[in-house]
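Subject: A structure for you to look at

Hello,

I am passing on the structure we talked about, and I hope you enjoy looking through it. My notes on what turned up follow below.

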Amino acid sequence: MRSSSVTAGSVARCQGVSNKISIFIAMTLSALLLGSVSPAVAAEGPVRVIRGHGLEACPRNSLCLYEDVDYNGSGNGRIWVVTGSVHSLSEYGGNDETSSMYMHTPENWRADAHENRSGMGSGDWVWMYGGKKLPNLRSVNIHQSARDTHYGPFNDVITSVSWAGGEA
Ligand SMILES: [Ca+2]
């Protein structure tokens with residue numbers, strides 16, 4: 001009688017423990033799924049928007065488009081972190097906003113920031129290479145193309161990015 005009640009108690013305890021383990025596993029799995037799915041989706045897009053200032057705010061292997069001059073100064077302005085070609089920054093609230101840029105990549109990486117939609121056959125662009133810094137697009141006048149449509153400062157005109165990237 002005594003031994004059977006002990007056995008029953010042990011079984012009950014074991015079931016309790018196994019239930020707790022099941023719940024723990026379920027919670028861990030959902031945490032892992034949530035944790036892995038969200039960043040993976042975000043990483044697939046060519047642009048993500050962060051806030052901050054300074055060159056150090058720009059993640060490695062990306063082109064950073066700052067909404068204000070001097071890499072947003074000391075403010076908490078928007079930074080469009082570009083890691084691939086983007087046809088229109090307006091999808092990310094970033095059309096005609098960029099006032100300074102930093103290409104935080106290895107030296108041999110390339111990207112072009114266009115005043116119009118890339119591939120539309122018109123407009124000027126700024127050629128960026130790894131390490132290139134442009135603190136103030138108000139003082140940048142660029143006429144690299146025979147099809148220039150813009151003759152003023154290159155401030156607040158960038159619409160798209162053609163990303164060539166490179167080997168890390
Ligand atoms: Ca701006």
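In what order do the 3 strands of the open sheet stand? The order is β6-β5-β8, and the pairing is antiparallel. β6 (125–129) and β8 (160–165) each have a single partner strand and stand at the edges, so one side of each lacks a neighbour in the sheet. From one strand to the next, the twist averages 15 degrees (axes are lines fitted to C-alpha atoms, and angles run from 0 to 180 degrees between N-to-C directions).

Before going further, some reading notes. This is a predicted model: local features need pLDDT of at least 70, side-chain atom pairs count only at pLDDT 80 or more, and totals for chains, interfaces and linings use all residues. Residues are numbered from 1 along each chain as its sequence is written. Helices (H or I, at least four residues) and strands (E, at least two) are DSSP runs numbered from the N terminus, and two strands pair if DSSP finds at least two bridges between them.

Arginine 110 has glycine 165 in β8 as its bridge partner.

Overall, the protein has 2 helices and 8 strands, which run α-β-β-α-β-β-β-β-β-β from the N terminus on. Of its 168 residues, 26% count as buried (20 or more other C-beta atoms within 10 Å of the residue's own, with C-beta atoms placed from the backbone).

Do have a look at β2 (residues 62–66). 5 of its 5 residues are buried, so this strand is largely enclosed by the rest of the structure. Ser62, Cys64 and Tyr66 cover one side, and Leu63 and Leu65 the other. β2 pairs with β4 (residues 100–104) in the antiparallel sense over 5 bridges, and leucine 63 stands opposite methionine 103 there. β2 also pairs with β3 (residues 78–82), again antiparallel, over 4 bridges; here leucine 65 stands opposite tryptophan 80.

Finally, a word on confidence. The pLDDT (the predictor's confidence in each residue, from 0 to 100) averages 79, and 64% of the residues score at least 70. Over residues 1–12 it stays under 50, and the model has 0 contacts beyond four places in sequence for them (a contact means C-beta atoms, placed from the backbone, within 7 Å). Residues 35–42 are also below 50, with 1 contact beyond near neighbours in sequence. Where pLDDT is low, the predicted coordinates should not be read in detail.

Best wishes

Note on methods. A residue is buried if 20 or more other C-beta atoms lie within 10 Å of its own, exposed if 12 or fewer, and partly exposed in between; C-beta atoms are placed from the backbone. Two residues are in contact if their C-beta atoms, placed from the backbone, lie within 7 Å.
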